[in-house]
Amino acid sequence: MEVSAVVPVYNAATYLEQCLDSILAQTFTDFELLLVDDCSTDDSGQICDCYASNSQVRVVHLTERLGVSTARNIGVKNARSALIAFIDSDDFVAKDYLLALVTTLEDYQADLIFSEFNVLD
C-alpha cells in the first residue's frame, strides 16, 4: 500500500457513505482505507463494517470514546503505509485527491502536505 487513508469516525452516519464512496472512487488505487470508529452511538459502526467487505477497507472499533486526535493516532499505528492521508468522516474528496497528494509529495520531495478545501452549500 502506498497510502493509508485514515478516517476517524464518530456519529457520522449522515455523511459517512458519501465520504467513503468518494475515497473508494479514487483514480489513485494503491491505498488502504482505515476507519477508526470512536464508539459511535448511531449507525456509523455498522456502516464501517459494511464497507469492510471491500479488501481495501479495514475497521478498528474502539471500546471507549477517546476523541478524534486519539482516533487518528490509532489509525497511524494501524496503518500499513508510511504515507498517511487524514480525511474527516463528514467530508468527501475529489476523485483525484490521493493522486494529487502523492504527485505533489514526489514532485517537491516534501515530508508533509496540507490541502485546501471547498465548502459546498
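**Ground rules.** I worked from a predicted model, in which local features need pLDDT of at least 70, side-chain atom pairs count only at pLDDT 80 or more, and totals for chains, interfaces and linings use all residues. I number residues from 1 along each chain as its sequence is written, and side-chain values use heavy atoms, with hydrogens and water left out.

**Entry 1: H1 and H2.** I took helices (H or I, at least four residues) and strands (E, at least two) as DSSP runs, numbered from the N terminus. Two packed helices are described by the angle between their axes and the distance between the axes. I looked up helix H1 (residues 13-24) against helix H2 (residues 44-51): they pack at about 20°, and their axes are 9 Å apart. H1 is therefore roughly parallel to H2. For the axes, lines are fitted to C-alpha atoms, for helices over the stretch in contact, and angles run from 0 to 180 degrees between N-to-C directions. Angles under 35 degrees count as roughly parallel, over 145 as roughly antiparallel, 65 to 115 as roughly perpendicular, and the rest as oblique.

I then listed the contacts (heavy atoms within 4.5 Å). From H1, Ala-13, Leu-16, Glu-17, Leu-20, Asp-21 and Leu-24 meet Ser-44, Ile-47, Cys-48 and Tyr-51 of H2. By class I have 7 nonpolar, 1 polar and 2 charged residues in this contact. The classes are nonpolar for Ala, Val, Leu, Ile, Met, Phe, Trp, Tyr, Cys and Pro, charged for Asp, Glu, Lys and Arg, and polar for the others, Gly among them.

**Entry 2: cysteines.** How many disulfides are there? I find 0 disulfides, taking a disulfide as a pair of cysteine sulfur atoms within 2.5 Å. For Cys-19 the nearest cysteine sulfur is that of Cys-48, 9.4 Å away. Cys-19 is buried, at 1% relative accessibility; the cut-offs are under 20% relative accessible area for buried, over 50% for exposed, and partly exposed in between (1.4 Å probe, protein chains only).

For Cys-39 the nearest cysteine sulfur is again that of Cys-48, at 12 Å. Cys-39 is partly exposed, at 22%, and is found in the loop between strand S2 (31-37) and H2. I also noted its positive phi of about 60°, although Cys-39 is not a glycine.

**Entry 3: after H4.** Gln-109 has a positive phi too, about 45°, and is not a glycine. Gln-109 is found in the segment after helix H4 (97-108) and is exposed at 70%. Phe-114 is also placed in the segment after H4, and its 72% relative accessible area makes it exposed. From Phe-114 to Ala-85 I have 29 residues in sequence and 9.6 Å in space, C-alpha to C-alpha.

Entry 4: Is Thr-63 buried or exposed? Thr-63 is exposed, at 79%, and sits in the loop between strand S3 (57-61) and helix H3 (68-78). Thr-63 and Cys-50 are 13 residues apart in sequence and 19 Å apart, C-alpha to C-alpha.

Gly-45 lies in H2 and is buried, at 9%. Leaving aside neighbours within four places in sequence, I find Gly-45 in contact with Asp-37, Ser-40 and His-61. Gly-45 and Val-9 are 36 residues apart in sequence, with 8.1 Å between their C-alpha atoms.
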